[in-house]
Amino acid sequence: MIMKLLTLLSVMVCSEAFLSSVSKSQLSSRAAARSMLTVTMSPDTGANLNSSDDDGDDVDFLLSDSELAGEPATAFDDTPPAPFLHAKALSEMQAKYRRSESDTGSPEFQVASMTERILYLTKHLQANPKDFSTRRGLVALVNKRRRLLNYLFSEDVDRYSSLVSSLGIRHKAPGRVMSREEKYAKFKSKKK
């Protein structure tokens with residue numbers, strides 16, 4: 001019995017503190033506010049919660065629309081998350097550089113996919129400069145793309161040049177590998 005009285009007393013004190021902090025312009029009347037904050041200790045809890053609302057007005061909020069009109073509305077960020085944008089850009093890039101409908105392995109397709117992934121990881125590393133495992137993966141991906149571009153250059157120079165120009169990649173085409181004699185021909189031999 002004492003616990004119920006203490007609980008009821010603490011609820012009344014909290015409600016009075018709330019009412020004293022609320023200005024008259026925010027609430028139409030203190031009596032209406034007390035009816036919203038009234039707590040009963042009846043044994044059948046939940047059975048008759050809206051007994052004070054016999055007028056049929058089903059309002060279950062503390063502030064009216066006019067009281068909220070002064071506050072600026074918080075807009076939700078409608079931009080999709082970065083992984084979704086990356087997946088969408090990746091599928092568009094793959095569709096653009098696909099050589100046939102079932103193509104997944106051509107060098108153009110792979111280089112385009114890697115380029116989009118490199119762009120995504122670069123943005124990630126600009127936001128998170130201490131992410132060293134991602135940096136390691138990015139370097140490996142750039143090297144893999146470089147090797148694929150070297151292969152494409154050795155197979156078909158026209159396809160290589162059109163791909164590099166359309167993707168905007170800075171890639172130095174591999175030079176001809178010189179033989180040992182050509183490489184060291186400009187040095188005088190010290191052997192006699």
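**Figure 1. Overview of the protein chain, which has 8 helices and 0 strands.** The model shown is predicted. Read from one end of the sequence to the other, the protein chain has the pattern α-α-α-α-α-α-α-α. Of its 192 residues, 19% are buried. Among the contacts with a separation of 6 or more, 46% are between residues 24 or more positions apart.

**Figure 2. Helix α5 (107-127) and the elements that cover its buried residues.** Helix α5 has 21 residues. From its first C-alpha to its last it reaches 30 Å, close to the 30 Å expected at 1.5 Å a residue. The buried residues of α5 are Pro107, Glu108, Phe109, Val111, Ala112, Ser113, Met114, Thr115, Glu116, Ile118, Leu121 and Leu125. Their cover includes α4, α6 and α7.

**Figure 3. Ser106, in the loop between α4 (82-97) and α5.** Ser106 has 8% relative accessibility and therefore counts as buried, the cut-off being under 20%. The side chain of Ser106 is joined to that of Asp103 by a polar contact of 2.7 Å. When residues up to four places away in sequence are not counted, Ser106 touches Tyr97 and Arg99.

**Figure 4. Helix α6 (residues 132-155), its span and its buried residues.** The 24 residues of α6 should span 34 Å at 1.5 Å a residue. The end C-alpha atoms of α6 are 35 Å apart, so the span agrees with that expectation. Buried in α6 are Thr134, Leu138, Leu141, Arg145, Leu148, Leu149 and Leu152. What covers these residues includes α5 and α7 (157-167).

**Figure 5. The contact between α6 and α7.** The axes of the two helices come within 6 Å and cross at roughly 140°. Helices α6 and α7 are therefore oblique to each other, because an angle has to be over 145 degrees to count as roughly antiparallel. On the α6 side, the contact is made by Leu149, Leu152, Phe153 and Glu155. On the α7 side, it is made by Val157, Arg159, Tyr160, Leu163 and Val164. Leu149 and Leu152 are also among the buried residues of α6.

**Figure 6. The aromatic pair of Phe153 and Tyr160.** A search of the whole structure finds 2 aromatic pairs. One of them, Phe153 with Tyr160, is edge-to-face, with 5.1 Å centre to centre and 80° between the planes. Both residues take part in the contact between helices, Phe153 from α6 and Tyr160 from α7. Phe153 has 24% relative accessibility and so counts as partly exposed. Tyr160, at 7% relative accessibility, counts as buried.

**Figure 7. The aromatic pair of Tyr184 and Phe187.** The ring centres of Tyr184 and Phe187 are 6.4 Å apart. Their planes lie at 40°, so the pair is tilted. Tyr184 has 45% relative accessibility and counts as partly exposed. Phe187 has 52% relative accessibility and therefore counts as exposed, the cut-off for exposed being over 50%.

Conventions. Residues are numbered from 1 along each chain as its sequence is written. This is a predicted model: local features need pLDDT of at least 70, side-chain atom pairs count only at pLDDT 80 or more; totals for chains, interfaces and linings use all residues. Side-chain values use heavy atoms; hydrogens and water are left out. Helices (H or I, at least four residues) and strands (E, at least two) are DSSP runs, numbered from the N terminus. The expected span of a helix is 1.5 Å times one less than its number of residues. Buried means under 20% relative accessible area, exposed over 50%, partly exposed in between (1.4 Å probe, protein chains only). Contact means heavy atoms within 4.5 Å. Rings of Phe, Tyr and Trp (its six-membered ring) pair if their centres lie within 6.5 Å; planes under 30 degrees apart count as stacked, over 60 as edge-to-face and the rest as tilted. A polar contact is a pair of N or O atoms within 3.5 Å; within protein, one must be able to donate a hydrogen and the other to accept it, and residues adjacent in sequence count only if both atoms are side-chain atoms. Axes are lines fitted to C-alpha atoms, for helices over the stretch in contact, and angles run from 0 to 180 degrees between N-to-C directions. Angles under 35 degrees count as roughly parallel, over 145 as roughly antiparallel, 65 to 115 as roughly perpendicular and the rest as oblique.
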